[in-house]
Amino acid sequence: MSDLETLVRQAIAAEASQAVEPAAVLAGLQRGVRPRRRPTTALVAMVGLAVVAGVVAVAVPLTAARTRSDAGNTAPPAAAEQNILLVGMDGYDNTDSLVLARMGASGTLRAVSLPRDSAVDIPGHGVDRLNSAYRTAKAANHGSDTAGAEGLVATVEALTGVRIDHYAVLDMSGLDRLGTAVGGVEVCLRAASHDTITGADFPAGRQVLSGPALLNFVRQRHGLPNNDLDRIVRQQAVLRALAAKLADPAVHARLDTLVAVVRADIRTDPGLDLAGTLRRLASSTSVQAATIPVGTDPAAETRGMLAVDPAAVRAFVGDFLAAPPSAPATPSPGDVSCVN
Amino acid sequence: VPDGFDQFVADRLDRLLRYATALTCDRYLAQDIVQNVLLRAQSRWARIGEMDAPYLYVKRMVTNEYLSWRRRAAARDVASTHGTLDALGTPVGDHAVRHAERDAMRHRIAALPRRQRAAIVLRYYENCSDAEIAAVLGCTEGTVRSHISRALRRLRATQDPTRRSTSRPVSEVL
């Protein structure tokens, strides 16, 4: 055998040694589920910050497995079903993007956006803006980020009646890098916008955003007709576009690399299988997203907060997360709907 | 589920995954392909299990699934990915030099046309004869020899250390 052939043999053996553990496939065989690498229609159809927040948030932040003895609110989810609170945070402990996601056992993903300006009862603190729950709990516990996240989780649990198994806190600046890493995401604006805070200008129409521009896009609320609610829609649009990118086999096949990219921004608990979770999210077969009902009447606002009826939110979230997978609401894959 | 299938999986799954990984140069694509194929094979096991060489048949299914994999990005991208993963991953150590040549070859193999790559993986990893490779690829033995000689020529021609792939920015790769 020639030297070349010997080298070829060694190289192929090295490649083969990268194979995944057989257990990963055995689990799939036992479930009888075919892997779906291209969840196109479902993903494109999702409406809600969520999902990708899933992707983003999980890719990015700290996902700490929480062990809790107090079941508290609702019954625990069935095996393999997980409720995850995805938190997008700015650099000042404000949780500007909150998504409660349920990863179902059969590859479904349901996600509910929680507007940051919702007026909620923060346990041990009183009624305040939802995005202050983290900061409040952190301040009350000697600046502990863990305490901040736990406080936020408790607040969301109290608000929605859903027990949260995990949380993931994402520094929103990670979105900058993630967007760049996937080659940019396409969004569409109904009208040109100007952000008086950041000075960011975006033209009307379709555009591909990445890097700092993408970050400015998802952070803007000043200069938009509906303030934070428009921002949520922007985040949802970006997350949807990002999810579509992740579903692209060319990108999907590089999830490991992607994880490596965002790892730099991440704090995770050592037990978290980041790549595995990311894959699971990106290959969800059914994705549904929504936003909790909030009062949008400016007259009903208190200190700039959105009025929230806890009973209505509980009912909405309970029904939404428990509903069976339904047909995608948006029919055409690849469609980029325009936002404010 | 027939016992025969479970036994087949127990005996062959690891080997199939390794083969598929060598074939695709992508462990997760390999995982999906193997899982898909085994699910299909399971539903037809009564027939497949009766064959003289069930493993060869399933291997053929895996190979065909890969060869027909639609929307698959160009192999060049796969090679780049390895470069990036290496750059992002393991720190350069003493054995880096020792492995450099082998890894460079991995990249070149990943850049081969699919059928050529399948032929050399079957030859040099699965130790198949020309006839077996022809059976898996569904072509003549002459074509198999042609695939292998072309692949080797190509691998030799590009075996130039000065042109070893350098890591590119992640954004380019993704």
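Guide: Here are some questions and answers about this model, which is a predicted one.

Visitor: Let us begin with chain B. How many helices and strands are there in chain B?
Guide: From the N terminus on, the elements of chain B run α-α-α-α-α-α-α-α-α-α. That leaves chain B with 10 helices and zero strands.

Visitor: What share of the residues of chain B count as buried?
Guide: A residue is buried when its relative accessible area is under 20%. Chain B has 174 residues, and the share of them that count as buried is 49%.

Visitor: Of the contacts in chain B with a separation of 6 or more, what part comes from residues 24 or more positions apart?
Guide: The contacts considered here are those in chain B with a separation of 6 or more. Among these, residues 24 or more positions apart account for 70%.

Visitor: Now to helix α4 of chain B. How far apart are the end C-alpha atoms of this helix?
Guide: Helix α4(B) covers residues 54-67, which makes 14 residues. At 1.5 Å a residue, the helix should span 20 Å. The model agrees with this, since the end C-alpha atoms are apart by 20 Å.

Visitor: Which residue lies over the face of B:Y66?
Guide: B:Y66 is one of the buried residues of α4(B). At 5.3 Å from the centre of the B:Y66 ring, the residue over its face is B:R114.

Visitor: How are α4(B) and α8(B) oriented to each other?
Guide: The axes of α4(B) and α8(B), the latter covering residues 130-137, come within 8 Å and cross at roughly 55°. On the α4(B) side the contact is made by B:L56, B:K59, B:R60, B:T63, B:N64 and B:L67, and on the α8(B) side by B:A135, B:V136 and B:L137. Angles from 65 to 115 degrees would count as roughly perpendicular and those under 35 as roughly parallel. The two helices, α4(B) and α8(B), are therefore oblique.

Visitor: What about chain A: how are α6(A) and α13(A) oriented to each other?
Guide: Helix α6(A) spans residues 145-160 and helix α13(A) residues 310-322; their axes come within 7 Å and cross at roughly 90°. Where they meet, A:E157, A:A158, A:L159 and A:T160 in α6(A) face A:P310, A:V313, A:R314 and A:V317 in α13(A). The two helices, α6(A) and α13(A), are therefore roughly perpendicular.

Visitor: How many aromatic pairs are found over all chains?
Guide: A search of the whole structure covers every chain. The number of aromatic pairs found is four.

Visitor: How far apart in sequence are the parts that the pair of A:F202 and A:F217 ties together?
Guide: A:F202 and A:F217 form an edge-to-face pair, 5.4 Å centre to centre with 85° between the planes. A:F202 lies in strand β10 of chain A and A:F217 in helix α8 of chain A, so the parts tied together are apart by 15 residues.

Visitor: Are A:F202 and A:F217 buried or exposed, and which residue lies over the face of A:F217?
Guide: Both A:F202 and A:F217 are buried. At 4.3 Å from the ring centre of A:F217, the residue over its face is A:R234.

Visitor: Why is the pair of B:F5 and B:W45 edge-to-face?
Guide: The ring centres of B:F5 and B:W45 are 5.4 Å apart. Planes over 60 degrees apart count as edge-to-face. The pair is edge-to-face because the planes stand at 75°.

Visitor: Which residues do ring pairs link into a cluster?
Guide: B:F5 is buried, with a relative accessible area of 1%, and B:W45 counts as buried at 7%. Ring pairs link these two with another residue, and the cluster is B:F5, B:W45 and B:F8.

Visitor: Where is B:C25 found?
Guide: B:C25 has a positive phi of about 60° although it is not a glycine. At 6% relative accessibility, B:C25 counts as buried. Its place is the loop between α1 and α2 of chain B.

How values were computed. Residues numbered from 1 in each chain as written. Chains lettered and ligands numbered in written order. Predicted model: local features only at pLDDT ≥ 70, side-chain atom pairs only at ≥ 80, totals over all residues. Heavy atoms only, no water. Helix = DSSP H or I, 4+ residues; strand = E, 2+ residues; numbered from the N terminus. Expected span 1.5 Å × (residues − 1). Buried < 20%, exposed > 50% of the residue type's maximum accessible area, 1.4 Å probe, protein only. Phe/Tyr/Trp six-rings, centres within 6.5 Å; stacked < 30°, edge-to-face > 60°. Lys NZ or Arg CZ within 6 Å of the ring centre and 35° of its normal. Axes fitted to C-alpha atoms, helices over the stretch in contact; angles between N-to-C directions. Parallel < 35°, antiparallel > 145°, perpendicular 65-115°, else oblique. Contact = heavy atoms within 4.5 Å.
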